[in-house]
Structure formats: C-alpha cells, structure tokens
Amino acid sequence: MRGALTGFLAGLLFGIGLLIAQMTDPARVLAFLDLAGAWNPALALVMGGGIAVALPAFAYAKRRRRTLLGEPIELPSATQIDTRLLGGAAIFGLGWGLAGIYPGPALVLAGRLAPGALLFVLMLALGSLLANRFTARAG
Amino acid sequence: MSIILDPIALEDCLAGGLVIGMATAALLLLNGRVAGISGIFFRLLGRGWQGWQAGFILGLLAAGAGAALLGVKPPPALAATPPWLLALAGLLVGFGTKLGNGCTSGHGVCGMARLSPRSGAAVLCFMGIAMLTVFLVRHVL
C-alpha cells in the first residue's frame with residue numbers, strides 16, 4: 001500500500017514535470033525534432049535537466065541494496081546492444097516523429113480524457129501486445 | 001535552418017526537466033524502481049502487476065486530470081492531428097517501445113542517468129529516426 005502511494009506521488013510529480021515543460025504539446029515536441037525548420041532546442045533541456053537530477057540518485061542507488069523505505073532496489077540488468085533494441089528504438093522513433101507524442105505525455109493527456117490521447121494510448125497497448133506475439137514467434 | 005531561443009520556453013523546459021528528475025529519483029529511492037513509463041504501463045496490461053506500477057500510472061493520469069480541472073487548455077495540435085495518424089503513431093510507439101524495452105523516460109532519462117551504453121544507443125537511434133521522420137514529412141513529402 002505504501003509502495004502504491006509513493007508510486008502515485010512519483011507518477012504525479014513526473015506528470016507535472018511534463019506539463020511544466022509542455023511536453024504534452026505535440027507542436028513543441030515536433031519543433032525540437034525538426035532540425036531543418038525553425039529548430040527549438042528547448043526539449044534537450046528537459047532531458048538534460050531530468051538526467052542532471054537523476055544521475056546522483058542512480059549513483060547513490062547503485063551502492064545500496066535497499067531503498068530508504070527498505071524496498072529492494074531493482075535496476076535493469078540488460079547490457080547488450082542488439083538488433084531487437086535498435087529495431088524497437090527505430091520503430092518508436094518513427095511513431096514519435098509522425099505525431100510528436102510519446103508514452104508519458106500520452107498518459108497525462110489521457111488523464112484529461114482528450115479523445116486523441118485515449119486513441120493513442122489504446123493503440124499503444126495494442127502495439128505492445130503485437131510486439132509480444134512478434135517476439136514469441138521470432139523466439 | 002534557424003534556431004529559436006525563446007527564454008520562457010527554455011526556462012519551462014529546464015524547470016520541467018528538473019521536476020521529472022526529482023520524480024525519477026523519488027521512485028528510485030523510495031520504491032527502488034526505474035521510472036520507465038512504457039514498461040510500467042505494459043505491465044498493467046498483463047497479470048502480476050504491482051501496486052506501485054498502478055499508482056505511478058494513476059499519478060500520470062491524475063496530473064492531466066488536475067491540469068484540466070485547473071483550466072489548462074489541451075494542446076490544439078493534438079485535436080488537429082487526424083485520428084488515423086494518432087492510431088498509427090500509437091501502434092508504432094507501442095510496438096517499438098515494447099520491442100526496444102523503453103521510451104524517452106526509461107532509456108532517455110533513467111538509462112542515461114545510469115550511464116548505460118545500451119540506453120545511450122537506444123536514445124541515439126530513436127532520436128535520429130524521429131528527426132529523420134519529421135524531416136521527411138515536413139520537407140520532402
């Protein structure tokens with residue numbers, strides 16, 4: 001229960017961060033991705049700012065086994081750079097570039113019941129289920 | 001190419017980025033988990049998800065609901081995007097992030113902050129393809 005509460009607060013804070021940075025606005029995201037147009041580099045600051053704060057937190061977490069609340073710390077263990085990783089990232093990049101929307105902002109916008117975001121999130125779920133079938137077949 | 005340096009936009013983005021970093025640090029230091037949004041969301045679609053995962057996604061939804069209640073207008077660009085394009089983009093983003101194990105939050109913020117070469121490669125790849133896609137759609141097609 002405590003885990004669900006802290007998880008909720010972290011998600012809420014994350015969503016507020018996306019709203020402050022206006023990453024929920026596809027026009028702003030596409031302006032960052034459009035190097036040949038009127039390029040707005042502001043989005044790099046969102047990622048840079050996030051990394052700057054998260055970096056010391058990860059450095060600290062790597063040296064600990066349990067969190068401040070006593071929960072086990074579980075960091076991703078995969079290290080290989082393979083075609084599955086790069087192929088997946090490329091397909092994600094294609095979808096991101098087409099509409100300027102990615103999962104975090106899509107969920108924030110779905111929270112206000114914006115019809116376009118609800119459709120996007122529904123297809124996001126469908127896409128992941130298709131990927132499950134694809135990887136099961138590819139072995 | 002022209003570069004737009006709007007000081008207000010830069011401040012918003014830096015402030016928002018710092019808040020995103022704090023949220024990521026909070027989930028890591030309190031729950032011991034990585035704030036990869038696509039991964040957390042996909043876990044909720046199957047069995048065996050945990051409370052913190054449902055809580056995190058509910059928090060994201062609550063942020064949007066709160067913004068609407070406070071009178072923040074939805075972005076006009078979203079309503080202006082045709083449904084077929086949103087559906088196609090959503091499908092590709094869902095397929096790609098599931099296959100590549102992460103999106104902008106998981107690889108872009110958490111992976112980079114962990115100094116993971118795997119995430120660095122993913123970020124270069126999705127960022128490069130996204131920029132190429134926008135270039136083709138806006139300046140070639």
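**View 1. Ala38(A) faces Ser2(B), a residue in strand 1 of chain B.** This is a predicted model, in which local features need pLDDT of at least 70, side-chain atom pairs count only at pLDDT 80 or more, and totals for chains, interfaces and linings use all residues. Residues are numbered from 1 along each chain as its sequence is written, while chains are lettered from A and ligands numbered from 1 in the order in which they are written. Strand 1 of chain A (residues 38–39) pairs with strand 1 of chain B in the parallel sense over 2 bridges. Strands pair if DSSP finds at least two bridges between them; strands (E, at least two residues) and helices (H or I, at least four) are DSSP runs numbered from the N terminus.

**View 2. Here 101 residues of chain B are in contact with 107 residues of chain A.** Contact means C-beta atoms, placed from the backbone, within 7 Å. Helix 1 of chain B supplies the largest share of its side, 22 residues.

**View 3. The largest nonpolar core has 96 residues.** Such a core is a set of buried Ala, Val, Leu, Ile, Met, Phe, Trp, Tyr and Cys residues joined through C-beta atoms within 7 Å; buried means 20 or more other C-beta atoms within 10 Å of a residue's own, with C-beta atoms placed from the backbone. Ala106(A), Leu107(A), Ala23(B) and Phe126(B) touch the most other members. Helix 1 of chain B gives the most to this core, with 12 residues.

**View 4. Phe126(B) is in contact with residues of chain A, including Trp96(A).**

Terms used. Two residues are in contact if their C-beta atoms, placed from the backbone, lie within 7 Å. A residue is buried if 20 or more other C-beta atoms lie within 10 Å of its own, exposed if 12 or fewer, and partly exposed in between; C-beta atoms are placed from the backbone. Lists of a residue's contacts leave out its neighbours within four places in sequence.
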